[in-house]
Amino acid sequence: KKKLSSTLEKTIAMIKPDAVSKVGHIMDMIFSDGFHMSKAIMAQLSRTDAQRFYAVHQQKPFFNELVDFITSGKVVAMELIGNDAVKHWRTLAGPTDSAVARSEAPNSVRARFGTDKQTNAVHGGDSPENAAKELNIFFGPQPQKNTAKLLDCTCC
Ligand code: RTP
Ligand code: MG
């Protein structure tokens with residue numbers, strides 16, 4: 001069925017530890033594609049929060065490895081707003097496997113900044129409901145209860 005109008009939506013984009021050094025380039029791509037960025041935070045996820053963040057993958061064989069990866073360094077989480085933001089951001093992110101992304105979507109974030117099927121630069125919420133849950137981990141109403149921590153600059 002053809003969609004007659006697009007809907008203004010919210011999603012989460014998260015830069016994973018392997019691509020945090022490319023935050024500027026990735027934000028450029030996000031703004032160039034017309035998203036509005038309403039929140040952003042750099043944080044180090046605890047194992048507990050990482051397990052919460054990836055709860056949908058609890059039964060997958062790669063779950064523990066995924067939690068190791070996502071807690072291996074800082075991440076940058078962003079709340080993005082735009083028309084069909086969930087789908088739009090997943091398209092800009094590209095296919096899960098960065099090797100596939102390089103052949104099928106060479107201009108995607110994962111093609112440019114990811115490595116393989118796990119180390120793939122960015123995350124995108126897969127539905128408005130899951131995006132809301134994931135945003136809550138970083139920007140929830142009780143920040144003192146979030147184990148995602150605000151980080152101090154290490155140079156000053
Ligand atoms: P994401 O949730 O991070 O936006 O990625 P996605 O929807 O494209 O992929 P998903 O199936 O939800 O997988 C979540 C993340 O788990 C890692 N992964 N590792 N070793 C593996 O076979 C494998 N498969 C997936 C990736 O980091 C993937 O983004
Ligand atoms: Mg996913």
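**The annotated site and its surroundings**

Modeller: In the unreviewed UniProt entry, the annotation "binding site" takes in Lys16, Phe62, Arg90, Thr96, Arg110 and Asn120. UniProt positions follow the numbering used here, feature names are shortened, and annotations may be inferred rather than shown by experiment.

The model is predicted: local features need pLDDT of at least 70, side-chain atom pairs count only at pLDDT 80 or more, and totals for chains, interfaces and linings use all residues. Residues are numbered from 1 along each chain as its sequence is written, while chains are lettered from A and ligands numbered from 1 in the order in which they are written.

Take Lys16. It sits in the loop that links strand E1 (8-15) to helix H1 (23-32). Helices (H or I, at least four residues) and strands (E, at least two) are DSSP runs, numbered from the N terminus. Is Lys16 buried or exposed? Lys16 is buried, because 22 other C-beta atoms lie within 10 Å. The scale is this: 20 or more other C-beta atoms within 10 Å of a residue's own make it buried, 12 or fewer make it exposed, and anything in between is partly exposed, with C-beta atoms placed from the backbone. Beyond four places in sequence, Lys16 is in contact with Ile70, Val75, Ala121, Val122 and His123. Contact means C-beta atoms, placed from the backbone, within 7 Å.

Now Thr96. This residue belongs to the loop between helix H4 (85-93) and helix H5 (98-104). Thr96 has 14 other C-beta atoms within 10 Å, so it is partly exposed. Not counting residues up to four places away in sequence, Thr96 touches Lys117 and Asn120. Asn120 is itself in the annotation.

Which residues are around ligand 1? They are His57, Phe62, Leu66, Thr96, Lys117, Gln118, Asn120, His123, Gly124 and Asp126. The test is a C-beta atom, placed from the backbone, within 6 Å of the molecule. This shell divides into two nonpolar, six polar and two charged residues. Ala, Val, Leu, Ile, Met, Phe, Trp, Tyr, Cys and Pro count as nonpolar; Asp, Glu, Lys and Arg as charged; the others, Gly among them, as polar.

E1 and strand E3 (residues 75-83) pair antiparallel over eight bridges. Pairing requires at least two DSSP bridges between two strands. Thr11 has Leu80 of E3 as its bridge partner. E1 also pairs antiparallel with strand E4 (residues 122-124), over three bridges. There, Met14 stands opposite His123, and His123 is among the residues around ligand 1. E3 has a further link: seven bridges join strand E2 (residues 36-44) to it, again antiparallel. Ala40 is bridged to Met78 of E3.

Ile15 lies in E1. With 25 other C-beta atoms within 10 Å, Ile15 is therefore buried. Its contacts, leaving aside neighbours within four places in sequence, are Val20, Val23, Ile26, Val75, Val76, Ala121 and Val122. The C-alpha atoms of Ile15 and Val76 are 5.0 Å apart, across 61 residues of chain.

Ala121, a contact of Lys16, falls in the loop between H6 and E4. Its phi is positive, about 70°, although it is not a glycine. Ala121 is buried, because 25 other C-beta atoms lie within 10 Å. Asp84, in the loop between E3 and H4, also has a positive phi, near 50°.

Then the core. The largest nonpolar core has 30 residues, and Ala13, Met14, Ile15 and Val122 have the most contacts inside it. Such a core is a set of buried Ala, Val, Leu, Ile, Met, Phe, Trp, Tyr and Cys residues joined through C-beta atoms within 7 Å. Elements giving it two or more residues are E1, H1, helix H2 (47-53), helix H3 (63-70), E3, H4, helix H6 (109-113) and helix H7 (128-139). Not counting residues up to four places away in sequence, Val122 touches Ala13, Met14, Ile15, Lys16, Ala19, Ile26, Ala93, Val109 and Arg110. Lys16 and Arg110 are both annotated positions.

Finally, the whole chain. It holds seven helices and five strands, in the order β-α-β-α-α-β-α-α-α-β-α-β. Of its 156 residues, 32% count as buried. Among contacts with a separation of 6 or more, 67% join residues 24 or more positions apart.

Technical notes: Two residues are in contact if their C-beta atoms, placed from the backbone, lie within 7 Å.
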